[in-house]
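Visitor: I would like a close look at one part of this model, taken slowly, and then a walk from there to the places around it.

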Amino acid sequence: MKLAGKAKAWERHQKAVPTVDEPGGKVWGCFRSCFLQSAAPYTEGIAYKILKNDLGMELREAPGHTSCGAIGYHGDVSNLETQMVMAARNFSVAHHDLGVDNLFSFCVTSFANYTEMIKLWEEEPELREYTEKTLKATTGRDLWIPHVSGGRPSVVHASDVFFANRHKLAAKAKYSLKGIKATDHVGCHYAKIFPEEAMGGAEFPQVLVGMLEAFGAEIVDYPERRHCCGMGFRQCAFPENRDYTAGSVYKKLKSLTESHPDCKLILTNCPGCTVFLDAEQGTIKDVLEEEFNVSILDYAQLTGLLLGYDPFKDCGLNAKAVAIEPLLDMIGIPYDKSKTAEERRRPF
């Protein structure tokens, strides 16, 4: 009965994303993330290498595209009208200037933001009319709406593209997760705002689990698996609220280690989750003198590791608060043990 329920939920939240072997799956327009660029640029870097070098994709990125503006929107700095026009301009630049039809974003907040604008245009004709008129008046551009998933108005996230091509990537992998216990942490802005746009919905999201399974991992469950990482925008940005972020991370990792003390890998697809689930372990160690030592890897970082990219130079694991070496040893990935941990983490 439980499996039947999961299967039914999965059918309701199926999302079509073209693979590199399908029409439209080789050429993509992509939107970079302002948060990733400032806090964890290595995740986009390794994602680019994998998509281009290992999957043979052509990624087209307009130098004139702007931030999606969602941080300002969720922080009550900008309004809805501004968001709609910013999204419309980015779509127009990608389609009319670069000639792309399929678009993905590296940030789950951008993904949710663009999805919200598209849905508003579909459901509120007056908002679409406002956007179309304002876009033309301010930029001279025409409104164009992407139809990425199943021919309907939509965009997708970069982790969707990795998920769609997971078996091809697994076939190229030099290392396996066989014998490794792992779990997923799916970004709230990927699955919880518009569950119908998530690969598998909010309760049984498959976008990261599918990748872990393709690479051979044993998936574990725990009570706080769907609990937010606590980043927020008002939590991490204001010192007086930072204890909420650290508290959320503590609650999650305490629950995981009590349920599965031998699980040392959480896979993520959100920039904020990737940074704070890792960094706040350092805070917890300093304040509470308690260590979890759970490695937090972005889907592209993990894929890069298993494909044989350098853990530190290519995958950016020199920037992690939690030492990655124990996990590398568990998987069997070699690294230069003649160097000290500090030497391995020096900038390249």
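Visitor: Which residue in β3 stands opposite C30?

Guide: The residue that stands opposite C30 in β3 is F104. Before we go further, please keep in mind that this is a predicted model, in which local features need pLDDT of at least 70 and side-chain atom pairs count only at pLDDT 80 or more, while totals for chains, interfaces and linings use all residues. Residues are numbered from 1 along each chain as its sequence is written, and side-chain values use heavy atoms, with hydrogens and water left out.

Strand β1 covers residues 27-31 and strand β3 residues 103-105, and the two run parallel, joined by three bridges. Strands of a sheet pair through backbone hydrogen bonds, either parallel or antiparallel. Here four strands make an open sheet with parallel pairing, and their order is β2-β1-β3-β4. The edges are taken by β2 (58-60) and β4 (156-157), and because each has a single partner strand, one side of each is left without a neighbour in the sheet.

Another parallel pair is made by β7 (residues 265-268) and β8, with four bridges between them, and in this pair L267 stands opposite L297. In a regular strand the side chains alternate between the two faces of the sheet. Strand β8 (residues 295-298) is covered on both faces, since S295 and L297 on one side and I296 and D298 on the other are all buried, where buried means under 20% relative accessible area, exposed over 50% and partly exposed in between, with a 1.4 Å probe and protein chains only.

If we leave aside neighbours within four places in sequence, S159 is in contact (heavy atoms within 4.5 Å) with Y190, V207, N269 and Y299.

The model also leaves some empty space. Rolling a probe the size of a water molecule over the atoms shows where empty space is left. On a 1 Å grid over the protein atoms alone, a cavity is a set of points where a 1.4 Å probe fits but cannot get out, whereas a pocket is an open set with protein on both sides within 12 Å along at least five of seven lines, and lining residues have an atom within 4 Å of a point. Grid points are joined across faces, edges and corners, and a volume is the space filled by probe spheres set on the points.

The second largest pocket has a volume of about 250 Å³, and of the 21 residues that line this pocket, those closest to its centre are T109, H189, M231, F233 and C270. Several helices, among them α6 (108-123) and α13 (271-288), each supply at least two residues of this lining. By class, the lining has 15 nonpolar, six polar and no charged residues, with Ala, Val, Leu, Ile, Met, Phe, Trp, Tyr, Cys and Pro counted as nonpolar, Asp, Glu, Lys and Arg as charged, and the others, Gly among them, as polar.

There are two cavities of 30 Å³ or more. The largest holds about 70 Å³ of space, and its lining includes H185, K192 and R225. The second largest cavity, of about 50 Å³, has F31, R32 and Y114 among its lining residues, and the whole of that lining divides into four nonpolar, five polar and one charged.

Lastly, E325 lies in helix α15 (residues 325-331) and is buried because its relative accessible area is 7%. The side chain of E325 makes polar contacts with the side chain of R344 at 2.9 Å and with that of R345 at 2.7 Å.

Conventions: Pairing = 2+ DSSP bridges. Polar contact = N/O pair within 3.5 Å; in protein donor to acceptor, adjacent residues only side chain to side chain.
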